[in-house]
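Hello,

Here is the structure I said I would pass on. My notes on its charged side chains follow below.

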Amino acid sequence: MPAPDDTEIDAIADALARLRALRRPGGPGGPGRGHRHGPGGHGHRPHDAPDAWDGPRAGGGRMAGLARLRMLEALEAATRPLSVGEIGDAIGVDQPRASRLVQQAAELELVRREADPDDARRTRIALTDAGRRFAQGVRTERRAALGGALSAFSDDERTELARLLGKLADAWPRD
């Protein structure tokens, strides 16, 4: 079978990213994020629970925690540095979790804090060159994996998958 082209991979990756961002009830910022269903929880991790990047060895374990990666991708896609609250909204975590993610990424020199030009009491978060390279490297690896998985699909199947995933992401309830 022919290898999938970049347009198909990009369309499918974009739809999957949009669906990941909308996976919680109410979407990003919606109800239910970051809690464990009452004191003690049910023994499972919420979607924004600490991951392999969150421990004392902040760079160890898996390549990156999903929330941190979503944060780096949101910063890369933004046209300007974002506030911690805007980052939380963009990646579907509450403000305290976004603040911890920013702190950990700053310690790894993936992001930097900048003064907010509109309010000197606030800061905005921007990617460093190292953070941009890291996010781009992960995206390249993800695209390669997706391309490999799609190689078993026919041209028509890849086109249809891209169309259907895009349609699902567009129709997913946002409230």
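A salt bridge here is a side-chain nitrogen of Lys or Arg within 4 Å of a carboxyl oxygen of Asp or Glu. This is a predicted model, in which local features need pLDDT of at least 70 and side-chain atom pairs count only at pLDDT 80 or more, while totals for chains, interfaces and linings use all residues. Residues are numbered from 1 along each chain as its sequence is written, and side-chain values use heavy atoms, with hydrogens and water left out.

By the salt-bridge rule the count comes to 11. One of them joins E86 and R124, at 2.7 Å from N to O. That pair links distant parts of the chain, with E86 in helix α3 (residues 84-91) and R124 in strand β2, 38 residues apart. Helices (H or I, at least four residues) and strands (E, at least two) are DSSP runs, numbered from the N terminus. Strand β2 covers residues 119-127.

R124 also forms a salt bridge with D116, the closest N and O atoms being 3.3 Å apart. R80, E86, D116 and R124 are linked in a network of salt bridges.

How accessible are these residues? Buried means under 20% relative accessible area, exposed over 50%, and partly exposed in between (1.4 Å probe, protein chains only). R124 is buried at 14%, D116 is buried at 4%, and E86 is partly exposed at 27%.

Another salt bridge pairs E8 with R158 (3.1 Å, N to O). E8 lies in helix α1 (residues 6-21) and R158 in helix α6 (residues 155-171), so the pair ties together parts 150 residues apart in sequence.

Regards
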